[in-house]
Amino acid sequence: MPKTLEDLANDPSNSLDEICKRLDTPTAGLGNYENIAKYYGYDVYTVSEFSTSPKGPSKAMILAIIAEHPDVTVESFAKVVVEQTRRENVARLLREFDSRR
């Protein structure tokens, strides 16, 4: 059964933190959480709120996606990450989490 983003958020490991740390770190030539947020339909004001979240922008975005789109799977999110940001390192971590039992 495919894992959802909610499974990732509720996992006791630090997988979500590692994923968010990488997504929050600017990398020349690659996108970030803002590109993903726009894909999911968040406007510039909401993206701005993510950027000031004490939890960090990527974690705030992922929690918002879970609330509005509870059926998003880890794999489908990984595909969006690659398509919107070209962050293969983040997609790899997502897929590693998804493949665990």
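Helices (H or I, at least four residues) and strands (E, at least two) are DSSP runs, numbered from the N terminus. The expected span of a helix is 1.5 Å times one less than its number of residues. The model is predicted: local features need pLDDT of at least 70, side-chain atom pairs count only at pLDDT 80 or more, and totals for chains, interfaces and linings use all residues. Residues are numbered from 1 along each chain as its sequence is written, and side-chain values use heavy atoms, with hydrogens and water left out.

**Stop one: helix H5**

Select residues 57–68, which form helix H5. H5 has 12 residues. From first C-alpha to last it reaches 17 Å, close to the 16 Å expected at 1.5 Å a residue.

Now colour by accessibility. Buried means under 20% relative accessible area, exposed over 50%, and partly exposed in between (1.4 Å probe, protein chains only). H5 is mostly covered, with 9 of its 12 residues buried. Pick them out: Pro57, Ser58, Lys59, Ala60, Met61, Ile62, Ala64, Ile65 and Ile66.

What covers the buried residues of H5? Show H1, H2, helix H3 (33–39), helix H4 (44–51) and helix H6 (74–85); the cover includes these.

A salt bridge here is a side-chain nitrogen of Lys or Arg within 4 Å of a carboxyl oxygen of Asp or Glu. Lys59 is among the buried residues of H5, whereas Asp17 is partly exposed at 39% relative accessible area.

**Stop three: along H2**

Next, select Glu18 and Arg22. They form a salt bridge with closest N and O atoms 2.7 Å apart. Both lie in helix H2, 4 residues apart, so about one helical turn separates them. Glu18 is partly exposed at 22%, and Arg22 is partly exposed at 32%.

**Stop four: Asp11 and Arg100**

Finally, select Asp11 and Arg100. Their salt bridge has its closest N and O atoms 3.9 Å apart. Asp11 is in the loop between helix H1 (5–10) and helix H2 (15–24), while Arg100 is in the segment after helix H7 (88–99), 89 residues away. Asp11 counts as partly exposed at 23% relative accessibility. Arg100 is partly exposed too, at 38%.

How many salt bridges does the structure hold? It holds 5.

Notes. Contact means heavy atoms within 4.5 Å.
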